[in-house]
Amino acid sequence: MSGAWRWLREHAVNIVAGLVVAYMLIPIAVIFVFSFNDPAGKYNFTWVGFTLSHWSNAFGMPELNSALEASLKLALLATLVSTAIGTLMALALVRHQFHGRRAANLLIVVPMATPEIVMGASLLSFFLILGTPSLGFQTLLIAHVMFCISFVVVVVRSRLIGFDRNLEEAARDLGANPIETFRLVTLPLIMPGILGGGLLAFALSIDDFVISNFNSGTTVTFPLYIYGAAQRGIPVEVNVIAMILFGATVAAMGFTVLQQRRAEKMAAIRPEQEAPPIPIGAAEAA
Amino acid sequence: MSERRRIVPYFLLGPGTIWLLLFFVVPLFYMGYLSLESGVVGSLSFSWNWGNYSDALSLYDTQFVRSFLYAGAATLICLLVSYPLAYTIAFRAGRWRNALLFAVVAPFFTTYLVRTLAWETILSDQSPAVDALRLIGLVPENGHVLATGTAVIAGLTYNFLPFMILPIYASLEQIDERLIEAAKDLYASSREAFVRVTLPLSAPGIVAGTLLTFIPASGDYINAQFLGSAGNQMIGNVIQSLYKTQLDYPAAAALSFVLMALIMTAVIVYIRFAGSEALMGEEAR
């Protein structure tokens, strides 16, 4: 008995951790299992029977399809814009000394510390008083880029901080000009950070409900479709699409991790090892 | 060259700064302006109408208090649940580390609304989980979980848990384990070493995690809407309904402003306490 007790005490932390992990994964399992459900009525809350029909019909609902299309288009555009803008900001913050750094930091932190509802409501106030642009895809894009920028900056910045600038100096010593250095040395090395930031922006954008709900006008995104459907019973296809998105995100995550490993290998190449097969060029990016 | 170098950062910062000023800072001022207007939609006019604030606060003080209570409870549970997990991942997971980190972020890969609706399924009256709770007496024989404050807090806890786990993990992971060994060499018990070395060194993670959980939780209205009842409305529900259905923009703007002000106060206290760089990472070298 005392042996069992001691084992329990020694492993208490691990047991709690295991339970927490189970807790994190339960809803995902529920979404997955209920994507095979064959509900009797319009509410998909109780298990009735197994069917694959919703998986084969995943893209057979026009309304759901157009919502998904709007979400993907929005997320893609918001990711491209916010990643470009955010990467430039991160470069400035990590590589340059300038007046107003504290103010710039604050401008980036405060949106992350603001409740979404306040951001959504204030943007709506802004668009309402201004009277233009009319609510719809363009206001959604403005809003999504706005709340993605800070997160991109934080991710890219953390990657830049760990950057070995000797590599750029080596490139300069070997005669590359600033643009070559940036393209052939800096960019490949910070690419995982940019990809990571972009992935986060995409995930935030495609999942956003609160801010979109305020600024969408008549445009319907995937989360807005679910919210609207919740009143009248959500089709099982929503679970299927959610699982497909889940799978795609996991795959994208895996790809980013691989990229990161590659970049780490590249950065770890030292003179005593085989010479890198990349042409290394000259001066600093700036 | 040096002249050029001096203006380069401003070019790099330009687009982002303009975007954030125009679509984040300016709208906040617009909302402030709107919150001082009077009249109904169509004939709103600016009139330094501070009454919007006192009306909003006296009408919706219960929802304000409830928001902070629910968010506070969820944050506390998150903290108690996160620390052991973060500790395990940082110090004991070994080759399981990446798998555990994946499990922590996995919920983010499913749509927020869909996973909240999954909780609606899990907590509904017919669910096996609720039956189990009834069996062990935690829920009365014909009691409910769904549509109660408990369900809302459970949903908030679940949805914001990763925001607590990740910062705590990050700060634990940075601890030099030799410090803990040194404490033990100096005759600290495991418990003393934890309380006097590990815990203080992970404090920045705890503070960051607390803010990152509490802020979105206090403004949330999805959990209250899907998992609660009319008696569990939070301030987010009020703001959204004033804006979207009742079209009472000045009152909604005033409420948003109060929420923002309360939260900003917390952030400023945090920045005084931990330094803005703790949230943003290191300075340029």
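Helices α4(A) and α9(A) make a right-handed crossing, where right-handed says that the near helix is turned clockwise from the far one by less than a right angle, and left-handed that it is turned anticlockwise. Helix α4 covers residues 62–95 of chain A and helix α9 covers residues 178–207 of chain A; their axes come within 8 Å and cross at roughly 140°. That makes α4(A) oblique to α9(A). Angles under 35 degrees count as roughly parallel, over 145 as roughly antiparallel, 65 to 115 as roughly perpendicular, and the rest as oblique. The axes are lines fitted to C-alpha atoms, for helices over the stretch in contact, and the angles run from 0 to 180 degrees between N-to-C directions.

Before going on, please note that this is a predicted model, in which local features need pLDDT of at least 70, side-chain atom pairs count only at pLDDT 80 or more, and totals for chains, interfaces and linings use all residues. Residues are numbered from 1 along each chain as its sequence is written, and chains are lettered from A and ligands numbered from 1 in the order in which they are written.

Which residues meet here? From α4(A) come S71(A), L74(A), A75(A), A78(A), T79(A), S82(A), T83(A), G86(A) and T87(A), and they meet I194(A), G197(A), G198(A), A201(A), F202(A), S205(A) and I206(A) of α9(A). Two residues are in contact if their C-beta atoms, placed from the backbone, lie within 7 Å. By class, this contact of α4(A) with α9(A) has seven nonpolar, nine polar and no charged residues. Ala, Val, Leu, Ile, Met, Phe, Trp, Tyr, Cys and Pro count as nonpolar, Asp, Glu, Lys and Arg as charged, and the others, Gly among them, as polar.

Now to the two chains themselves. Helices (H or I, at least four residues) and strands (E, at least two) are DSSP runs, numbered from the N terminus.

| Chain | Elements | C-alpha extent along principal axes |
|---|---|---|
| A | 12 helices, zero strands | roughly 70 × 70 × 40 Å |
| B | 14 helices, two strands | about 75 × 75 × 30 Å |

Chain A has a radius of gyration of 24 Å, while a compact globule of 286 residues would have one near 19 Å. This radius is taken over C-alpha atoms, and the globule rule is 2.2 Å times the number of residues to the power 0.38. Buried residues make up 44% of the 286 residues in chain A and 43% of the 285 residues in chain B. A residue is buried if 20 or more other C-beta atoms lie within 10 Å of its own, exposed if 12 or fewer, and partly exposed in between, with C-beta atoms placed from the backbone. Among contacts with a separation of 6 or more, residues 24 or more positions apart account for 82% in chain A and 71% in chain B.

Where do the chains come together? The contact takes 73 residues from chain A and 71 residues from chain B. On the side of chain B that touches chain A, α1(B) gives the largest share, 19 residues. By class, that side of chain B has 52 nonpolar, 15 polar and four charged residues.

One helix pair spans the two chains: the axes of α2(A), residues 12–34, and α3(B) come within 8 Å and cross at roughly 110°. That makes α2(A) roughly perpendicular to α3(B). The crossing of α2(A) and α3(B) is left-handed. Residues in this contact include V13(A) and V20(A) of α2(A), and P84(B) and R92(B) of α3(B).
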